[in-house]
Amino acid sequence: MIMNFFALGLLLLMTYLWMARGLWSALIHFVCTLIAGAVAFGLWEVVAYFFLSISPDRGFLSFLEGIAWGAGLLLPFVVTLGVTRVIADSAVPGNVKNAKPLEYAGGIICGAGSSAITVGILVIAIGYTRVGSSFMGFRPVDYTEQRAAGVGSLERSGGLWIPVDSLVAGLYGHTSETSLRTGTPLAQWYPNVDVAGYANKISYGSGKSRNAMKPDDFQVLGAWAVGENTSVRDLLAFQSEDGVLNQGYVDLSGRTVSSGSLVGYTIRFDAGARESSGQVIFGNGQIRLLLWDANGNAVDAFPVALVSQGDAADAAVFGRWRFEGNETFIASVGGATTVEMGFEFVVPAGYQPKALYVKNTRVMVDNIEARRFPTPAVRDGSIASGALLGGGFDVADLDLSNSADLSGDAIGSTMGRGGAVIAQSASLGVRFQTTQKRGLTLDDDNRVTGGDAKHAPEELAGRGAIPRDLIVDKFAPGDDTAIVQIDVGPNSTASLLGRVGRSVSSDAPPQIIDTDGTAYQALGFIYSDNSINDIRFTPATPISGLGDLPTISGARTDQSLYLVFRVSVGVQMQYYALGTSVVFELTPPVEVVRR
């Protein structure tokens, strides 16, 4: 409701101002605005990807990721409009006087046109910005109300009273295929540009989850297809305790798709794709499949299901989770560094997949040959066996030439300050009170969930008298993960100064590898010397290489360094490696337990 009043008020105000300026001024501004809009959509992706490329994973400028796609559209528009106005004002310094009725009528028409373009682009840009999914009460795409047809499907609903966003999308979509035609027409690559951003905002946390993803944060590994010109009702049928049920589905326009196929894509998400919680989380509005027919007509499809690992303790257990309810968001399980997920879409008969948009980032899929399954049952068998997604390290990929065997007292049940190299412990090794948390974030039990903090040793001395409800001395494990720490200080078997540490490059990530081949990168560290105690714990941005760690020296005796991991409960830890170079092997492998 607020967005409607905002858009209508801004539209009327701008139209009134240009009416007062007269026909000629309003006409010049309309032409400049028309040009600015075309330039903005033409440069949109280029500018957005630039903002994503310079956005750091942490720190102040990390906010650029959340505004990259909105600013990528708005900034070229504003700059181009300013430049063209300066040129026009310089070229035409005077004004043409007409009769008052003509001045006002022309001013209203031209002013309304330029105002509609400006407000429309502004509303579209807000959709691609990281704000709440119902920001200003506006949600032009929502879960369908046709409960019998397809609960959980997304369709257009509740647009503006004066749909300037749709008018702008239609205007530039049409001209991109006619008078302003380019090799990549807007109408073919963004057929629903006005609502796609708002669909992406329907995410975990009421739209506060990440709305963008860098191209390097994911990789499409393969594709599969089920059926061909098959009844969609049959393709989406599933077995339950009540017998055979049907998952309904409607497209973005609210139409039921009668026949076609199911097409799925396996995507590997790297550490940079994680939320601040350390999980990869998706709703069905955050990924869409662009489809083209033989005539170049384009439509968007949102997924009907997601395939992923179903048990944190067993990398071979997979499940298929349906997007068949409102506010359905599916998260990765466990603490693995990389996450494989499969997204399945309904492709109407006559259409072919062209590109995937993963949280707005586009990747081409038209040249990926899909593995074909004759029936959903055969596909389900491939899911259950783990063959559909797969993944993980193969021992053959690991360099064991400098590996040490670790057993006995080197494996501790506490943090390991008494000599253990690896231990399952959430302890910080120090304690302080909540008022000293600095840049750390805490949960309700005062356990560290993220951030970093530096303390001088004297700040941490004699902290035994802290009230229990104010003590900070542990990391927070995840719902299905446990904290594991490895001593990599100067005197440890796993020291970064050892043979492996000295031989690998600075971009080799420290990681624990379980018996299934699943890798878990370090999420932080605890470093201390005679001048500082430094704690870092950033589940969303794991340690990407040795260059992210404090420098230690064999000539100093006051340094200690522990790496902090989250490992899935129930798995068997087997290796600790820097990149693919194994530092030590646990013999026998050690099970991760919940405490």
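Strands E17 and E31 (residues 581–591) pair in the parallel sense over 3 bridges; two strands count as paired if DSSP finds at least two bridges between them. Strands here (E, at least two residues) and helices (H or I, at least four) are DSSP runs numbered from the N terminus. The model is predicted, so local features need pLDDT of at least 70 and side-chain atom pairs count only at pLDDT 80 or more, while totals for chains, interfaces and linings use all residues. Residues are numbered from 1 along each chain as its sequence is written, and side-chain values use heavy atoms, with hydrogens and water left out.

**The sheet around E17 and E31**

- Leu-406 has Leu-586 of E31 as its bridge partner.
- The order E17-E31-E30-E25-E26 describes an open sheet of 5 strands with mixed pairing.
- E17 (404–406) and E26 (519–521) are the edge strands; each has a single partner strand, so one side of each is left without a neighbour in the sheet.
- On average, neighbouring strands of this sheet are turned by 25° against each other, direction ignored; the axes are lines fitted to C-alpha atoms, for helices over the stretch in contact, and angles run from 0 to 180 degrees between N-to-C directions.

**The largest pocket**

- Its volume is about 630 Å³. On a 1 Å grid over the protein atoms alone, a pocket is an open set of points with protein on both sides within 12 Å along at least five of seven lines, and lining residues have an atom within 4 Å of a point.
- Volume means the space filled by probe spheres set on the points, which are joined across faces, edges and corners.
- The lining has 30 residues, and the closest to the pocket centre are Arg-210, Arg-274, Glu-275, Ser-276 and Ala-540.
- Strand E22 (residues 448–455) gives the most to this lining, with 3 residues.
- By class, the pocket lining has 7 nonpolar, 14 polar and 9 charged residues. Ala, Val, Leu, Ile, Met, Phe, Trp, Tyr, Cys and Pro count as nonpolar, Asp, Glu, Lys and Arg as charged, and the others, Gly among them, as polar.

**Cavities**

- There are 3 cavities of 30 Å³ or more, a cavity being a set of grid points where a 1.4 Å probe fits but cannot get out.
- The largest cavity holds about 60 Å³ of space, and helix H1 (residues 2–21) supplies the largest share of its lining, 4 residues.
- Lining residues of the largest cavity include Leu-8, Leu-11 and Trp-161; the lining divides into 8 nonpolar, 1 polar and no charged residues.
- The second largest cavity has about 50 Å³ of space, and Tyr-249, Phe-302 and Phe-323 are among the residues that line it.
- For the second largest cavity, the lining divides into 6 nonpolar, 5 polar and no charged residues.
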